[in-house]
Amino acid sequence: MAMTLEVLPLPVSDIDRARDFYRDKVGFHVDIDQEVMPGMRIVQLTPPGSGCSIALGDSIWEMAGDTRPAPGSYQGLQLCVADIKAAHAELTARGLEISEPVVYAPDDGATFMYFKDPDGNGWAVQEYRRRATEPLHQLLTDQAERQK
């Protein structure tokens, strides 16, 4: 059975403020912003080129019978880019407060920068230069073909 991870609910205190932050400062695309059933508004945003989105909404956890995590309690969320210097320039031009890139080792995948959303949810941006020539979606498609 194939499974894909496509949506992560993200705990925030103000849906509109979070939507505006992720859209305007981080550059995510707003896929959905609507009341999907009476009393349940969902805002789903996707990073450019990603197959996984974040979902903002007050009732997401209640539907599954779970306790809502505290806004800002998620840490270690991670985005990948092929060129961290270009990403840093674009994100700072959008007004995002983000750290300078930190090179932990010269290897591909060992350079990161960090930011937090208005609630304090913590994100890392990892440079994975290989993605410029080997997009993840193509690698996964090729892998699925080999497994047939």
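**The β1-β4-β3-β2 question**

Which order do the strands of the open sheet with β1 have? The order is β1-β4-β3-β2, in an open sheet of 4 strands with mixed pairing. Two strands pair if DSSP finds at least two bridges between them. Helices (H or I, at least four residues) and strands (E, at least two) are DSSP runs, numbered from the N terminus.

**About the model**

This is a predicted model, in which local features need pLDDT of at least 70 and side-chain atom pairs count only at pLDDT 80 or more, while totals for chains, interfaces and linings use all residues. Residues are numbered from 1 along each chain as its sequence is written, and side-chain values use heavy atoms, with hydrogens and water left out.

Axes are lines fitted to C-alpha atoms, for helices over the stretch in contact, and angles run from 0 to 180 degrees between N-to-C directions.

Between β1 and β4 (residues 53-56) there are 3 bridges in the parallel sense. Leucine 8 has isoleucine 54 in β4 as its bridge partner. Helix α1 (residues 15-25) lies across β2, β3 (40-46) and β4, at about 15° to β3.

**The sheet with β5**

Another open sheet has 4 strands in the order β5-β8-β7-β6, and its pairing is mixed. Its edge strands, β5 (77-81) and β6 (102-103), each pair on one side only. Helix α3 (residues 84-93) packs on the sheet and touches β5, β7 and β8; the helix direction makes about 20° with that of β7. Contact means heavy atoms within 4.5 Å.

**Strand β8 and its partners**

β5 and β8 run parallel and are joined by 5 bridges. With β7 (residues 111-116), β8 (residues 122-127) pairs in the antiparallel sense over 6 bridges. Phenylalanine 112 is partnered by glutamine 126, and lysine 116 by glycine 122. β7 and β8 form a hairpin with 5 residues between them, and glycine 120 in the turn has a positive phi of about 105°.

How many residues of β8 are buried? The count is 6 of its 6 residues, where buried means under 20% relative accessible area (exposed is over 50%, partly exposed in between; 1.4 Å probe, protein chains only). Gly122, Ala124 and Gln126 point one way from β8, and Trp123, Val125 and Glu127 point the other way.
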